[in-house]
Structure formats: structure tokens, C-alpha cells
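Please open the model in your viewer with the sequence panel beside it, and follow the selections below in order.

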Amino acid sequence: MTVVVKLGTSLVAGPRGSVRHAVLKRRASEIAGIVRGGESVAVVSSGAIALGLPQLGLDRRPRSVPKLQAASALGQGKLHRAWETALAREGVAAGQVLLTAADIAERATYVNARHALQAIFDVGAVPVVNENDATATDEITFGDNDTLAAQVAILVRARLLVLLTEVEGVYTRSPGTTGAELVSDGGGAEVVFGSSSRLGRGGMESKVLAARMAAAAGIPTVIAGGEGDSVLEPILAGERRGTHFRGSDRELSAYKLWLRFGKSPKGRLHLDAGAKRAVAVDGRSLLAVGVVRTEGRFEAGDAVELVGPNGAAFASGIAAASPAAIASRVRGLEAMHRDRLVLY
Ligand code: GLU
């Protein structure tokens, strides 16, 4: 079984591009304990940008995306070295894995990434994952690796995702203000999202969204404070800490999980009532005759959402034909094969 642990920038980077070695040391020691106990652990670590800022002569995040990318490139080596050193002290090797959303969206690179992670687990090592910020900017603009961590958890079919941060979990309002209470069950949480910190990006909103995504994929998720001496051990032992999101019971194949959570839709197909029933109830493929309207620019092979007559999206999948071909509504033409769609 596999556990994915994500550390946000504020836990990893201190002032002026320093590494919070004490935090890494504590987490590395717990991670080594879990690995010795026979489980695999993947770390998703932010902090490259914050650690790279001094090399750009900056003490706060620049606005310019290329500068953020440069900071990440300058800081990533330092970030990985810090993890490598902390884990090596515990006798565990670290493997650097840099991923982008495009790697997740492409089926071939997605499967490659899974094989690579599995091979790292097989030798008892710990992959330390970050976004490849030089070519992708998803986590720079929103998320501080929260979505990436959920994607990795889905990719390796983790039994648990732990999102560690500076605060103890999700609060009913900004932590520290009067009346702020820790939400222990994230399922129905009414959450007030705080703003992002000075060095990292993300805040609670992206954590909750990532937790909901992993939970919908069947992976229980915990958002908790990551600074203390003992953090992962009690969480893995089932102690109530931080905010919990229960994993849904739905069983989806690895391919359908990727389809549902890895591949972003490029357009939508609006279906008539009969076509919706055929797909959603009878489990049949979608024929072009049932599509009343297409929306967006996509090609055969891209993901699109299926929308019912009430305007609500109820599935997504891989389009089997172009918008023009689908709009021709040629009899017998398949717009989407039933094996290449997933119902919401
Ligand atoms: N991948 C980025 C990093 O490791 C995300 C964090 C951010 O946007 O500051 O630094």
C-alpha cells in the first residue's frame, strides 16, 4: 500500500531561501519508519520557488511567471538535495520526479510516470515529486502542488493522501480569529478560505479542492499541521487529527480514474434525453444522432463532457470524432465509445 505526503512551501522554506531542515528531518524520520514497516511513500514537496528566490536577488515572490519559473529552476536542486540528505540520514534513498499537468493528461506519459514511481517503490526508495515548473505553470498560478499531490495519489492508487501545512487543518474561519474552529470532517465543511502566504501559493481553497478530488477517487485525505515531532505516525494509526475527507466507495479502474481526474475536457456534447438515457442508464456508447449540439474546439481523441437536456454535465470521455463529424449526425456514427467514458 502507498501513502502520499505533500508538504507546502511554508513547511519546507524559511526566511531568505533557507531550508527548514528541522521539519524535513522530522518528516524524513517518520517516512523512513513507514517504509521500514513495508509501505511505500511518495513525497510531493513544494518550495523550489521560495528556495530559489535569493539567487534572483528577490525576497518575495515576483509576479512574472518566467521569473517564478527561473526561481523554481534555481531552487529545485537545493530542494531535492535537502530531501535527499534528510532521507539518507534515515537510510532511505530519494528519487527526483518532476511532472506536469500535460504528463498527467497524456495517457502514455501518465502510464510511464506510474511505472517509474512503482520501480522507485520497488527498491524501497522514496520519490520526491514536484511540478516541472520550467515548462508548466499550473501549480505556480494556483495550488502550491495540492492538485499535483491529488493526481499523484490517484496515479499510484494511494490508500491515503496527507496534505501537510502550517495550520492544523481546515477552520470555520481564518485560524486565529475569534470563533475559528477546526473542522474535523471535511465532507460537509463550510469553509472560509484564507489568502495565500507570502512565499507559497495555494491557501486552504486549493487544499480542500485537492482533498475532494482524491476523496472522489476513493482516496481518504487528511489536511493537517506538518511541523510537530509526531505527525504522520498518529495520522496513519487513524488518530483524529486535522480535517478528514472520507474516500468514496466507488470503484473505478485506473483508466477511468485518469479519464475522470487526469484529463481536462476541451469541450462539451449536449445530448437529447434518449441519448442521455442510453449512456447513463443502459451503459451504451454515444451515437452522433443523439448529440444536439457540440461546444468548444476539440478533436477526436480529446476529452469532452457530456451534458444532459437539463444542462448538467453527467459524464466525460474521449471524443471519437471531430465536432464537424458529430454535427453531421450520420446514422451509426459513434461520438464516444462506452469504454472511454466515465459517469460522474
Ligand atoms: N512547484 C512550486 C514550488 O515547488 C509550487 C509552489 C509555488 O507556487 O510557490 O516552488
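Does Arg329 count as buried, exposed or partly exposed? Select Arg329 and display its surface: at 36% relative accessibility, Arg329 counts as partly exposed, where buried means under 20% relative accessible area, exposed means over 50%, and partly exposed lies in between, with a 1.4 Å probe and protein chains only. Arg329 is found in the loop between helix H13 (323-328) and strand S13 (334-336), and it has a positive phi of about 50° although it is not a glycine. Most residues other than glycine have a negative phi.

Before going on, please note that this is a predicted model, in which local features need pLDDT of at least 70 and side-chain atom pairs count only at pLDDT 80 or more, while totals for chains, interfaces and linings use all residues. Residues are numbered from 1 along each chain as its sequence is written, and side-chain values use heavy atoms, with hydrogens and water left out.

Next, select Arg16, in the loop between helix H1 (9-12) and helix H2 (21-36). Phi of Arg16 is also positive, near 50°, in a residue other than glycine, and at 74% relative accessibility Arg16 counts as exposed.

Now zoom out to the whole chain, colouring by secondary structure. The protein has 13 helices and 14 strands; helices are DSSP runs of H or I with at least four residues, strands are runs of E with at least two, and both are numbered from the N terminus. Along the principal axes, the C-alpha atoms fill a box of roughly 65 × 45 × 40 Å. The radius of gyration is 21 Å, which agrees with the value near 20 Å that a compact globule of 344 residues would have; it is taken over C-alpha atoms, and the globule rule is 2.2 Å times the number of residues to the power 0.38. Of the 344 residues, 51% count as buried. Among contacts (heavy atoms within 4.5 Å) with a separation of 6 or more, 71% are between residues 24 or more positions apart.

Select helix H8 (residues 146-155) together with helix H9 (residues 203-216), whose axes come within 8 Å and cross at roughly 15°. Axes are lines fitted to C-alpha atoms, for helices over the stretch in contact, and angles run from 0 to 180 degrees between N-to-C directions. H8 and H9 are therefore roughly parallel to each other, given that angles under 35 degrees count as roughly parallel, over 145 as roughly antiparallel, 65 to 115 as roughly perpendicular and the rest as oblique. Showing side chains, you will find Asp146, Thr147, Ala150, Gln151 and Ile154 in H8 meeting Gly203, Ser206, Lys207, Ala210, Met213 and Ala214 in H9. These residues divide into five nonpolar, four polar and two charged, where Ala, Val, Leu, Ile, Met, Phe, Trp, Tyr, Cys and Pro count as nonpolar, Asp, Glu, Lys and Arg as charged, and the others, Gly among them, as polar.

Move on to helix H6 (residues 107-122) and helix H11 (residues 254-262), whose axes come within 12 Å and cross at roughly 120°; H6 and H11 are therefore oblique to each other. Arg107, Tyr110 and Arg114 of H6 make the contact with Ala254, Tyr255 and Trp258 of H11, a set of four nonpolar, no polar and two charged residues.

Finish at Ala125, in the loop between H6 and strand S4 (126-131), which counts as buried at 10% relative accessibility. Leaving aside neighbours within four places in sequence, Ala125 is in contact with Val92, Ala93 and Ile120.
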